[in-house]
Amino acid sequence: MKLVVAGTGYVGLVAGVCFAEKGHDVTCVDVDENKVKLMESGVSPIYEDGLEELMKRNNAAGRLHYTTDYKSAYKDPDAIFIGVGTPEQPDGSANLSYIATVCRQIAENVEKDCLVVVKSTVPVGTNDHVEQFIKDFLVRKELHIEVASNPEFLAQGSAVHDTLHAARIIIGTESEEAEKLLREIYEPFQLPIVAMNRRSAEMTKYACNDFLALKISYMNDIANLCEKIGANIEDVAKGMSYDARIGANFLKAGIGYGGSCFPKDTKALKFQAHKVGYRLRTVEAAVDVNADQKTALFYKASNRMISFEHLKVAVLGLAFKPGTDDLREAPSIDNIALLLKNGADIVAYDPVAMNNFKKKFPEGVVEKGTISYTNQIEEALKDANICFIFTEWKEIRKVKPETFKQLMRTPLAYDGRNIFDPEKMKAAGVEYYSIGR
Ligand code: UDX
């Protein structure tokens, strides 16, 4: 089938590449000429395991194309998938201007009946508006342009795997023809398909993400209580995980969820509920707990230290989770901002996210402190007075407790990801603090 994907971010590009991998003829549309050139040469603008390999293979097979020329791209495809961003606005609502732009371009250029599929996470009811908006701007009024919802559930760092082996495909349609077409597009994936109406599909996406965010906040809440009460969250989580009703995933306490989805989607659903006069108290609680959890590690350390001024602080891990260079809503940002404000001299390490971090915090003096970067963990730890761990990269997991003791001026570590065994750290002579134990 002839497919077009609008937007080449995490959602759009991965979808486009995977559709091509499954045999469809795919054109990815983006506004950025340089990005298009890069992708044509098989280079991915985002860091995702296995993505470039698939891009190269499908580029070479002639199934995958990239263009800025939306006018030709939107002319005659069977379906157009919209995967552009819906960034959060200051009041927590989603900014739909990128979607609107794409819809207008489609309406003005489409020359044959076509299904427009919204993959971006959008407030419930948006697809109804999108359909109306396209109808309003449609140049060739005789055409039948339908809109369907097909939310994306991939996680960053495992995006290709999550798309090719998704637990389910959610399709939200208002007609049998639209459902049939989407089923055909997904047929080669051989995955379970759950069909429903558009609003339910839009809601399913929020319900999933907010439930997972809630699960994490719940574990962080319990972890904080564990600390005060003398229990160990890791043991508690293990005990919980055997109950199939609870499940074994997303029980990891830490420094709160970050990334492009959970923070945005919890606030967006809270906002939507508020708009219709309903208080979504569970989601509000998840948001509140997370806001405090993100900087809990800094405050824990500041209770122990008189001051951070001119202390060498080793920071291990910057990305919001391993496997990505994405820093959106990363807890490292909040903690580092506080440390710099309090005069710390930071040496930060991250295997892939350092360059992105430098754009936010350029090397040198920031506020009362300084920040520099190294690609050697040992270099960060050398002569440090205190170490913070913000991401559970495998490179950081591999550090031996003795290394903290040998390299640091004072072997004092605050681990926001519970990656070390407190007993082993103690035995190695490291003063070690983590979350919920
Ligand atoms: C998430 C959803 O998993 C995905 O289905 C959706 O489409 C987009 O949002 P992503 O943000 O890429 O994906 O990452 P995920 O692995 O879910 O982690 C999100 C955050 O939660 C990270 O900051 C992670 O560190 C944190 N987390 C996750 C925990 O603190 N504890 C856990 O047990 C799991």
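**View 1. Thr86 is a buried residue.** Thr86 has 23 other C-beta atoms within 10 Å, so it counts as buried. The cut-offs, with C-beta atoms placed from the backbone: buried takes 20 or more other C-beta atoms within 10 Å of a residue's own, exposed takes 12 or fewer, and partly exposed is in between. One thing to keep in mind throughout: this is a predicted model, where local features need pLDDT of at least 70, side-chain atom pairs count only at pLDDT 80 or more, and totals for chains, interfaces and linings use all residues. Residue numbers start from 1 along each chain as its sequence is written. Thr86 sits in the loop between strand E4 (79-82) and helix H5 (97-109); helices (H or I, at least four residues) and strands (E, at least two) are DSSP runs, numbered from the N terminus. Not counting residues up to four places away in sequence, Thr86 touches Ala94, Asn95, Leu96, Ile99, Ser120, Thr121 and Val122. Contact here means that the C-beta atoms of two residues, placed from the backbone, lie within 7 Å.

**View 2. The annotated "binding site" positions include Thr86 and Arg328.** An unreviewed UniProt entry gives this label to Asp30, Lys35, Thr86, Thr121, Lys264 and Arg328. They span 299 residues in sequence and the farthest two C-alpha atoms are 25.5 Å apart, so they do not all gather at one spot. UniProt positions follow the numbering used here, feature names are shortened, and annotations may be inferred rather than shown by experiment. For a look at Arg328, go to the loop between E9 and helix H13 (331-341). Arg328 has 18 C-beta neighbours inside 10 Å and counts as partly exposed. Setting aside neighbours within four places in sequence, Arg328 makes contact with Gly258, Gly259, Ser260 and Phe320.

**View 3. Cys261 carries the "active site" label in an unreviewed UniProt entry.** Look for Cys261 in the loop between helix H10 (233-241) and helix H11 (262-275). Is Cys261 buried or exposed? Its 25 C-beta neighbours inside 10 Å make Cys261 buried.

**View 4. The ligand has 19 residues around it.** The closest are Gln156, Lys252, Tyr257, Gly259 and Cys261, where a residue is near a molecule if its C-beta atom, placed from the backbone, lies within 6 Å of it. Which helix gives the most to this shell? That would be H9 (residues 198-229), with three residues. Sorted by class, the shell has 11 nonpolar, five polar and three charged residues. Ala, Val, Leu, Ile, Met, Phe, Trp, Tyr, Cys and Pro count as nonpolar, Asp, Glu, Lys and Arg as charged, and the others, Gly among them, as polar. Domain 1 (2-196) and domain 2 (205-288) each supply at least three residues to the shell; domain bounds come from an automatic or database domain assignment.

**View 5. Domain 1 and domain 3 have C-alpha centres 39 Å apart.** Their contact takes five residues from domain 1 and seven residues from domain 3. Domain 3 itself runs over 295-433. An unreviewed UniProt entry annotates residues 314-422 as "UDP-glucose/GDP-mannose dehydrogenase C-terminal". That span, 314-422, is 32% helix and 22% strand, and its end C-alpha atoms lie 19 Å apart.

**View 6. Strand E9 (residues 312-316) is largely enclosed by the rest of the structure.** Why is that said of E9? Because five of its five residues are buried. Lys312, Ala314 and Leu316 point one way from E9, while Val313 and Val315 point the other way. In a regular strand, side chains alternate between the two faces of the sheet. E9 pairs with strand E10 (residues 345-349) in the parallel sense over five bridges, pairing being called when DSSP finds at least two bridges between two strands. Val315 stands opposite Ala348 in E10.

**View 7. Strand E1 (residues 2-6) is mostly covered.** Four of the five residues of E1 are buried. E1 and strand E2 (residues 25-29) pair in the parallel sense over five bridges, with Ala6 opposite Val29 in E2.

**View 8. Asp49 is partly exposed.** Asp49 has 13 other C-beta atoms within 10 Å and lies in the loop between helix H2 (33-40) and helix H3 (51-60). Beyond its neighbours within four places in sequence, Asp49 is in contact with Gly157, Ser158, Val160 and Gly323. Asp49 and Gly259 are 210 residues apart along the chain, and their C-alpha atoms are separated by 17 Å.
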